[in-house]
Amino acid sequence: MTTYWCERAWLPDGVAEAVRIEIADGRIVSVTANAEKTGTILNGLTLPGFANGHSHAFHRALRGRTHHERGTFWTWRERMYSLAARLDPDSYYRLARGVYAEMVLAGYTSVAEFHYLHHGPGGKPYASPNAMGDALRQAARDAGIRMTLLDTCYLAGGIGVRPDEVQQRFSDGSAEKWAERVALLKEDDLFRVGGAIHSVRAVPEYELPKVDSAVPKDRPLHIHLSEQRAENEQCEAAYRWTPTGLLWDYGVLGERLTAVHATHLTEQDIKWLGDSRSGACFCPTTERDLGDGIGPARSLLDAGARLGIGSDSNAVVDAFEETRALELDDRLASEERGRFTAEELLAAGTEHISAGWPETGTLAAGAGADLVTVATDTVRTAGIEPSGVLFAAAAADVRTVLVAGREVVRDGAHVLIERPETLLAKEIEALWQF
């Protein structure tokens with residue numbers, strides 16, 4: 001049994017003072033407010049760990065390297081494909097190690113990795129068919145973060161378009177062959193396997209239910225949905241449905257489905273997602289970076305959908321920035337303040353269900369022991385109300401992080417990986433030396 005005493009902690013019924021949290025075997029055993037000061041002292045405000053519901057780890061190497069031409073989402077994508085062509089299992093492991101360490105330092109304790117870089121150049125399978133996925137699994141374990149590998153089915157270069165040379169690395173040729181490869185992945189205590197449909201552009205309509213049925217019902221299924229208006233236009237021209245409507249028609253919507261981005265939705269799309277209790281994962285810092293637009297977060301929540309957040313391209317890795325952006329971006333779109341309560345924002349930021357870890361995300365007995373302690377005496381957080389931390393704090397204010405009861409960040413430094421910034425600089429520079 002390990003005991004922590006929190007100066008303040010955000011419990012299910014609000015912020016409490018002098019909270020003792022007892023942990024054993026990776027789970028919270030008891031939570032007691034107004035307790036005597038015993039055990040390890042955590043000064044500041046302790047929160048449940050944040051959930052990163054959508055990540056492409058290798059995109060981190062694009063940060064600060066796509067601003068020279070004005071361009072579009074589609075020209076950005078070409079540079080991303082150029083980067084993808086340079087990675088192999090060894091380089092991907094080294095890069096991802098640094099990326100996942102950065103995530104833990106920023107307050108994330110789980111990550112749903114939307115993984116589609118499966119094969120070698122030209123689409124040739126590696127001797128170990130899941131070499132790239134295994135590289136990510138090991139990188140996450142080394143960095144101390146929970147991972148759900150959302151192994152992604154990616155079969156086409158667009159609706160009715162064959163994959164190009166780079167996209168051949170993403171494709172298994174059919175949903176059946178994709179499922180056969182995914183079935184070889186083995187889970188462990190901090191690693192789970194879910195699935196993803198890359199998008200309605202990359203998976204033909206007749207393959208959608210095959211992917212859905214291949215993913216176990218107790219594991220998440222994600223899809224990029226209506227990120228760009230062009231995607232909607234292409235889908236409606238080919239199928240006479242919006243992307244959401246196509247999923248509804250094929251019976252793919254449901255509680256274990258998460259629509260990533262969900263930016264350009266019709267009122268009927270919102271109703272379908274809400275009625276089915278699907279999730280919606282917003283990635284505000286990436287959506288800003290790519291000029292995607294502002295999605296209808298408030299409307300989706302009101303309709304019954306679950307909200308979560310993700311770092312996506314990792315242009316920014318900061319759980320606080322991503323979470324408060326739900327409110328701040330919705331203010332811009334609606335021209336109103338107070339779109340979300342602090343409690344609603346925390347629920348979205350700690351929404352581990354879509355990330356594949358439903359037992360995590362609250363400071364309560366029986367929950368997974370994922371804790372994040374934030375300093376409340378920095379230049380950003382000094383003088384704020386405790387619940388205002390979601391509007392004021394930054395990744396730099398994170399002092400302690402526990403994942404499954406294991407201390408991974410102490411005094412703002414990563415315990416398992418020394419100087420992740422040096423690792424990231426070295427690996428990213430090497431990738432761009434081609």
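Student: Where is G295?
Tutor: This is a predicted model, and in it G295 lies in the loop between α9 (284-289) and α10 (297-303).

Student: Buried or exposed, that G295?
Tutor: G295 counts as buried because its relative accessibility is 8%, and the cut-off for buried is under 20%.

Student: Which residues is G295 in contact with, leaving aside its neighbours within four places in sequence?
Tutor: Those contacts are A262, T263, F282 and D330.

Student: And how far is G295 from H264?
Tutor: Their C-alpha atoms are separated by 6.4 Å, although G295 and H264 are 31 residues apart along the chain.

Student: Changing topic. At what angle do α2 and α3 pack?
Tutor: Helix α2 (residues 89-105) and helix α3 (residues 131-143) pack at about 35°, and their axes are 8 Å apart. The crossing of α2 past α3 is right-handed.

Student: Which residues of α2 and α3 meet there?
Tutor: From α2 the list includes Y92, Y93, A96 and Y100. On the α3 side, M132, A135, L136 and A139 are among them.

Student: What classes do the residues in that contact belong to?
Tutor: The contact of α2 with α3 has 14 nonpolar, 1 polar and 2 charged residues.

Student: OK, loops again. What is the phi of R240?
Tutor: Phi of R240 is near 65°, which is a positive value in a residue other than glycine. R240 sits in the loop between α6 (229-239) and α7 (243-249). With 78% relative accessibility, R240 counts as exposed.

Student: And what about the phi of D411?
Tutor: D411 also has a positive phi, near 55°, and is a residue other than glycine. D411 is in the loop between β15 (406-410) and β16 (413-414).

Student: Why does D411 count as exposed?
Tutor: Because its relative accessibility is 69%, and exposed means over 50%.

Student: How does the lining of the largest cavity split by class?
Tutor: There are 7 nonpolar, 7 polar and 4 charged residues in that lining.

Conventions. Residues are numbered from 1 along each chain as its sequence is written. This is a predicted model: local features need pLDDT of at least 70, side-chain atom pairs count only at pLDDT 80 or more; totals for chains, interfaces and linings use all residues. Side-chain values use heavy atoms; hydrogens and water are left out. Helices (H or I, at least four residues) and strands (E, at least two) are DSSP runs, numbered from the N terminus. Buried means under 20% relative accessible area, exposed over 50%, partly exposed in between (1.4 Å probe, protein chains only). Contact means heavy atoms within 4.5 Å. Axes are lines fitted to C-alpha atoms, for helices over the stretch in contact, and angles run from 0 to 180 degrees between N-to-C directions. A crossing is left-handed if the near helix is turned anticlockwise from the far one by less than a right angle, and right-handed if clockwise. Ala, Val, Leu, Ile, Met, Phe, Trp, Tyr, Cys and Pro count as nonpolar, Asp, Glu, Lys and Arg as charged, and the others, Gly among them, as polar.
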